[in-house]
Amino acid sequence: MSCTVRIASPLHSYTAGAAAVESPGASLAEVLGDLERRFPGIRFRIIDEQERIRPHIKLFVNTDEARDLTARVHGGDTVHVICALSGG
Amino acid sequence: MASTLWLGTRKGLFALRADAQRRSWRLAGPQFLGHIIHHVAQDPRAPGVLLVAAKTGHLGPTVLRSADRGRSWREATRPPAFRRAAEGEAARAVERVFWLTPGAASEPGTWYAGSTPAGLFRSLDGGERWEPVAGFNDHPMRSQWVLNGTPDGEFLHSIQVDPRDPRHLYIGISIGGVFESTDGGADWTPLNEGCAADFLPDPNAAFGHDPHCVALHPANPDRLYQQNHCGIYRLDRPARRWERIGRSMPKKVGDIGFPIVLHPRDPDTAWVLPMDGQTVWPRTSIDGKPAVYRTRNAGRSWQRLDRGLPAHHAWFTVLRQAMCADRHERTGVYFGTTGGDVWASTNAGDSWRCIARHLPEIYSLSLAY
């Protein structure tokens, strides 16, 4: 069973406008790997070259914020990729 | 010769297209509205190719590539990125791609990129895949060369390739200094002798300087000019000591600024746009009276050029990449302000007119033909 990944609008250029996609990944790392295979380039905009979540990105599994990519994801979960920015 | 002036702005990519006489300019865009565009560069070896250094407020940095003069774009498949840090090592991540430079004519497909934090990257396939230049990024002296002291991080910029020898490279780092490689980037040495660094504990330090903009003259690659945080300089190689040619600027104006622009053919002619570097560094035009200064004798004297520019209450800031000159017989000189205006001169700076207003904060101006 897959999870639902909700994609913030700054990343819709990668997903052909889709705001939500399904992914079979069992961890955030697997979900992001799956997204990268389907939407090349999207992962590096979210995760830096040191495998850290970028400063203005927040990842949630359901309502729990993930601090790294080891977080487990179960079938039926919703992963939120959120963009957080202040100022103009 | 039709010219396009590409404008990298804080909110997207714009283009100003001129007629053959450069009388009228038509604004096109924005493309990538909302994206932060730090730099745009045309490939002189393949003029249809343009590269753009981009990011957004939320997302990581990347490079975009067009093979059809900016009509369509594709993202690099491997954008500039540092290597993965070893256990216990400081982990660096590219925050922004700040500068793009095409390689030498003899190396089609080679490009260089500079980043914040200070990193150097190379592509051998026209900007599609980028690799870190380990000779600089992992140089044992790098952590000392680069003064990691500004909240916005250091900028690696002004990547210059000697057209006679593609292995001969220069880079500028704010803050860090000017560095030279003669082996294609495998090793580097500081090249800051003669440059002031008034802000350092040791003003005669070998590195730690703040070169705002460094330019190598294409017709005389032994000649470099530099607009530094502490003055305007010229260096004629093989000498290693910069000469402060800003000393001949009017005392009331001083010789602080961001950009320096070279004439496309005459190595003795350059333009600068002085800014206020006093007390708290307003970095605006001095007294609200913007003026370009031109030398025609390699910096022995400078001429104020302000005809057509606002006479007062114009508090311009012009960033280091936001001024350029074209290749026309009567040289066009252009600058863009952080207030979103573009000013043009088609007589080498003798007179100016505004050709675009109300754009987002302008980060860079780049000509394409």
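This report covers the chain contact, the nonpolar cores and selected strands of a predicted model.

## Basis

Local features require pLDDT of at least 70 and side-chain atom pairs pLDDT 80 or more, while totals for chains, interfaces and linings use all residues. Residues are numbered from 1 along each chain as its sequence is written, with chains lettered from A and ligands numbered from 1 in the order in which they are written.

## Chain contact

Chain A contributes 14 residues to the contact and chain B 15 residues; two residues are in contact if their C-beta atoms, placed from the backbone, lie within 7 Å.

## Nonpolar cores

A nonpolar core is a set of buried Ala, Val, Leu, Ile, Met, Phe, Trp, Tyr and Cys residues joined through C-beta atoms within 7 Å. Buried means that 20 or more other C-beta atoms, placed from the backbone, lie within 10 Å of the residue's own.

The largest core has 109 residues, and L7(B), V52(B), A113(B) and Y334(B) have the most contacts inside it. Among the residues that V52(B) touches are L13(B), I37(B) and V63(B), leaving out those up to four places away in sequence. A second, separate core has 18 residues, including V5(A) and I57(A).

## Strand β25 of chain B

Strands are DSSP runs (E, at least two residues) numbered from the N terminus, and two of them pair if DSSP finds at least two bridges between them. In β25(B), residues 333-336, V333(B) and F335(B) are buried on one side, and Y334(B) and G336(B) on the other.

Strand β24(B) is joined to β25(B) by three bridges, antiparallel, with C324(B) opposite Y334(B). Four bridges link β25(B) to β26(B), also antiparallel, and F335(B) stands opposite W343(B). Five residues separate β25(B) and β26(B) in a hairpin, where G340(B) in the turn has a positive phi of about 90°.

Conventions. Buried ≥ 20, exposed ≤ 12 C-beta atoms within 10 Å, placed from the backbone.
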